[in-house]
Amino acid sequence: MTLADAQRALVDALVAGGAVPPGFDAAGVRAAAVALRRKRAGEVARTWPFLAASYGDRWHAVFAEWASGRPPQGSLRDGWDFARSASPSALTPLAREELAGREAAFRYDGATAPVPRGRLATRLRLLRSRHGSRAA
């Protein structure tokens, strides 16, 4: 295994649930992976405060479980993907509104980076989401 291969395997073990590569302390790598998921949960909570508040004291544990095996995509995308995967009943009204606001402000297909929508389209979508109307 080349150094580059070992480095890729270590990163995969730390952030994407991969196997610990030979020559590394498994307990140390697992401890570091847990710490990185906790840090990632904190970053997502800063970007998605109402989403995180929906889970209260359980946020870090619930997010870490979801994030295990998923490579980081940045706090905006991680929170968005988490929110879309959550049961609607798990989210508070403010968290659902936070998600609706992001859906109105950006185009996001779940695979590529979110792209801002135009201002007029954003305002119309926000109005529709708040009033439950499909009329423009």
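**Figure 1. Helices α2 and α5 of the predicted model are roughly perpendicular to each other.** The axes of α2 and α5 come within 8 Å and cross at roughly 85 degrees; axes are lines fitted to C-alpha atoms, for helices over the stretch in contact, and angles run from 0 to 180 degrees between N-to-C directions. Angles under 35 degrees count as roughly parallel, over 145 as roughly antiparallel, 65 to 115 as roughly perpendicular and the rest as oblique. Helices (H or I, at least four residues) and strands (E, at least two) are DSSP runs, numbered from the N terminus. From α2, the residues R40, E43, V44 and T47 meet S75, L76, D78 and G79 of α5, where contact means heavy atoms within 4.5 Å. Two of these residues are nonpolar, three polar and three charged (Ala, Val, Leu, Ile, Met, Phe, Trp, Tyr, Cys and Pro count as nonpolar, Asp, Glu, Lys and Arg as charged, and the others, Gly among them, as polar). This is a predicted model, in which local features need pLDDT of at least 70 and side-chain atom pairs count only at pLDDT 80 or more, while totals for chains, interfaces and linings use all residues. Residues are numbered from 1 along each chain as its sequence is written, and side-chain values use heavy atoms, with hydrogens and water left out.

**Figure 2. Helices α1 and α2 pack at an angle of about 60 degrees.** Helix α1 covers residues 3-15 and helix α2 residues 26-47, and their axes lie 7 Å apart. The two helices, α1 and α2, are therefore oblique to each other. On the α1 side the contact is formed by L10, A13, L14 and V15, and on the α2 side by V29, A32, A33, L36 and R40. The contact of α1 with α2 comprises eight nonpolar residues, no polar and one charged.

**Figure 3. Helix α5 passes α6 in a left-handed crossing.** A crossing is left-handed if the near helix is turned anticlockwise from the far one by less than a right angle, and right-handed if clockwise. Helix α5 (residues 75-85) and helix α6 (residues 93-105) pack at an angle of about 120 degrees, their axes being 11 Å apart. That angle makes α5 oblique to α6. L76, W80, A83 and R84 of α5 make the contact with L99, R102 and E103 of α6. Sorted by class, the contact of α5 with α6 has four nonpolar, no polar and three charged residues.

**Figure 4. Residue E103 is located in helix α6.** E103 is partly exposed, with a relative accessible area of 25%; buried means under 20% relative accessible area, exposed over 50%, and partly exposed in between (1.4 Å probe, protein chains only). The C-alpha atoms of E103 and V115 are separated by 10 Å, and these residues are 12 residues apart along the chain.

**Figure 5. The chain containing these sites has seven helices and two strands.** Along the sequence, its elements follow the pattern α-α-α-α-α-α-β-β-α. Along its principal axes the C-alpha trace spans about 60 × 30 × 20 Å. Buried residues make up 29% of the 136 residues in the chain.
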